[in-house]
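Subject: Structure handover

Hello,

Here is the structure you were going to look at. My notes on it come after the model.

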Amino acid sequence: MQIVLLSGGSGKRLWPLSNEIRSKAFLKLLDGEEGNKESMIQRITRQLAAAGLLSSTHIVTHYTQGEITRSQTEGSLAVLEEPHKRGTFTAIALAAASFHTQLHTDREEIIVVLPVDSFIEQPFFQAILRCPAVLAQSAADLVLIGTPPAGPSSQFGYMVPRRPISDDLDFRWVERFVEKPDDAAAADLIRQGALWNCGVFAFKLGFMLDLMTAKGLPLDPEGLLGLYGQLPERSFDQEVVEQTANCAAIAYEGLWDDLGSWDAFTRHLNSQVTGPGQVGDSSINTHLVNELACPIHVIDVSNVIVAAGPDGVLVASKQQASRIKEQLKNNRMPMVEEKRWGVRRTLDYSQHGQAGESLTSKVTLMTGASTSYHVHHRRTEICTILSGSGECLLDGRVIALGSGDVLEIPAGVKHCIKANTAMEYIETWLGERLDGEDCTRIALFWEQAIQNQGLHGQI
């Protein structure tokens with residue numbers, strides 16, 4: 001059995017702490033096992049390891065989240081990067097193509113797909129481990145996992161079982177699906193024995209490969225990636241689940257929650273206050289989550305989320321906080337980016353008319369870590385080393401770096417920086433149009449870049 005985690009999202013639901021690069025799955029706000037704070041992706045990685053499934057787990061994510069994914073999972077997952085966001089069907093197709101062509105996985109192998117950002121407890125993975133047996137017992141094309149609804153809700157999809165429900169089977173046949181009904185319709189579905197859809201899909205690899213062939217998609221990742229920009233955005237639920245008649249579901253009765261809003265997320269925080277500040281006693285069911293250095297004080301305001309970070313400040317009723325998505329049409333570049341190698345914090349962004357744009361950041365590079373070996377086509381970079389020591393691979397030349405050094409990297413020049421000791425430097429971008437798209441990666445790690453240049457003796 002192979003596990004595929006789906007990670008992504010626009011990062012708007014839990015703004016300002018989440019953004020396009022650090023989506024909700026990466027927010028380190030949940031309590032870990034050892035009293036530390038962990039993110040949803042760190043939590044599910046830990047749970048997969050406890051279930052003995054981590055070594056067979058892959059994760060599919062947009063390339064802008066590749067670095068933070070590797071950082072928070074400490075390299076324990078195989079990461080597949082998408083060049084564009086094209087929905088869950090295309091993401092699963094990329095994983096299937098990788099299994100088929102690169103790993104030569106048998107068509108009979110069971111693939112189980114689950115979202116990275118569900119809040120679940122360890123018994124949920126026992127339901128996942130049952131998927132192969134239920135696929136064999138039922139001879140279904142798809143096996144899903146559903147949970148009995150806690151009450152009528154328009155926030156979830158519902159799976160309606162066929163009648164009568166047999167007590168002799170270890171699963172339920174699914175008759176139809178209803179996506180996010182109103183409360184009255186949801187109440188009626190619950191009376192029919194419907195389950196909330198937990199977003200887990202189990203199938204044989206050959207089932208997905210046959211679907212891809214029928215839709216004219218390549219079965220190799222290189223061919224599929226070459227078409228990504230032209231592919232429509234496709235949901236696996238709409239493209240596959242709702243079109244598959246032979247579908248079974250496992251009923252799971254433990255804790256499951258979709259942390260897709262501040263209202264849901266704060267239910268799993270053990271303190272009203274995270275970060276500097278206070279919430280007064282008269283502020284009932286109010287939470288403060290503050291990533292800024294300055295304290296925030298909340299007095300006599302109930303049922304509110306106050307969230308503050310480098311990208312902005314949100315004050316909203318918990319019930320209506322998700323409306324922030326409507327106000328973030330032209331969201332600016334994230335002010336903080338967590339990378340595999342460290343952290344980049346934006347200090348200033350300016351537009352200079354015909355002279356172009358400038359962006360200044362403070363970069364913290366961990367000891368022994370390095371940026372990727374890459375090239376920018378539309379911008380010049382100027383790096384001023386504040387502390388620490390390291391090296392720069394600049395178009396095939398290794399240059400020593402230390403405190404006080406200034407390095408200019410013109411557009412079109414390949415480069416990467418490695419920290420021999422922890423480094424901090426100021427990085428300024430200058431160009432006509434500055435964005436994260438202007439980057440072509442050549443090698444992910446320093447050692448790969450050195451070997452690429454034939455400089456083995458200079459590592």
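The notes below go through the helices, the strands and sheets, and then some backbone details.

This is a predicted model, in which local features need pLDDT of at least 70 and side-chain atom pairs count only at pLDDT 80 or more, while totals for chains, interfaces and linings use all residues. Residues are numbered from 1 along each chain as its sequence is written, and side-chain values use heavy atoms, with hydrogens and water left out.

Helices

Helices (H or I, at least four residues) and strands (E, at least two) are DSSP runs, numbered from the N terminus. Buried means under 20% relative accessible area, exposed over 50%, and partly exposed in between, with a 1.4 Å probe and protein chains only.

Helix 1 covers residues 40-50, and eight of its eleven residues are buried, so the rest of the structure largely encloses it. The buried ones are Met 40, Ile 41, Gln 42, Arg 43, Ile 44, Thr 45, Gln 47 and Leu 48. Gly 52 follows helix 1 and has a positive phi, near 75°.

Helix 2 (residues 66-73) is also mostly covered, with seven of its eight residues buried. These are Gly 66, Glu 67, Ile 68, Thr 69, Arg 70, Gln 72 and Thr 73. The elements that cover them include helix 1, strand 4 (57-62), strand 5 (78-82), strand 20 and strand 30 (440-443). Contact here means heavy atoms within 4.5 Å. Just after helix 2, Glu 74 has a positive phi of about 55°.

Helix 3 (residues 87-102) packs against helix 7 (residues 205-214) at an angle of about 115°, with the axes 10 Å apart. Axes are lines fitted to C-alpha atoms, for helices over the stretch in contact, and angles run from 0 to 180 degrees between N-to-C directions. The angle makes the two helices roughly perpendicular (under 35 degrees counts as roughly parallel, over 145 as roughly antiparallel, 65 to 115 as roughly perpendicular, and the rest as oblique). Helix 3 contributes Phe 89, Ile 92, Ala 93, Ala 96, Ala 97, Phe 99 and His 100 to the contact, and helix 7 contributes Leu 205, Met 208, Leu 209 and Met 212. By class, that is ten nonpolar residues, one polar and no charged. Ala, Val, Leu, Ile, Met, Phe, Trp, Tyr, Cys and Pro count as nonpolar, Asp, Glu, Lys and Arg as charged, and the others, Gly among them, as polar.

Strands and sheets

Two strands pair if DSSP finds at least two bridges between them.

Strand 6 (residues 110-115) has six of its six residues buried, so it is largely enclosed by the rest of the structure. Ile 110, Val 112 and Leu 114 are buried on one side, and Ile 111, Val 113 and Pro 115 on the other. Strand 6 pairs with strand 1 in the parallel sense over five bridges, and Gln 2 stands opposite Ile 111. Strand 6 also pairs with strand 11 (residues 195-204), in the antiparallel sense over four bridges. There, Val 112 has Ala 202 as its bridge partner.

An open sheet of four strands has the order 14-16-18-19 and mixed pairing. Strand 14 (273-274) and strand 19 (312-317) stand at its edges with a single partner strand each, so one side of each has no neighbour in the sheet. Strand 16 (residues 287-290) and strand 18 (residues 304-309) run parallel and are joined by four bridges; Asn 290 stands opposite Ala 308.

Another open sheet has six strands in the order 20-21-22-29-24-27, with antiparallel pairing. Its edges are strand 20 (336-338) and strand 27 (406-409), each with a single partner strand, so one side of each is left without a neighbour in the sheet. Neighbouring strands of this sheet are turned by 20° against each other on average, direction ignored. Strand 20 pairs with strand 21 (residues 342-351) in the antiparallel sense over three bridges, with Val 343 as the bridge partner of Glu 338.

Backbone details in loops

The peptide bond from Trp 15 to Pro 16 is cis, with omega near 10°. Pro 16 lies in the loop between strand 1 (2-6) and strand 2 (30-31).

Asn 285, in the loop between strand 15 (277-279) and strand 16, has a positive phi near 55° although it is not a glycine. Its relative accessible area is 39%, so Asn 285 is partly exposed.

Asp 300 is in the loop between strand 17 (296-298) and strand 18, and its phi is positive too, near 55°. Asp 300 counts as exposed, at 55% relative accessibility.

Regards
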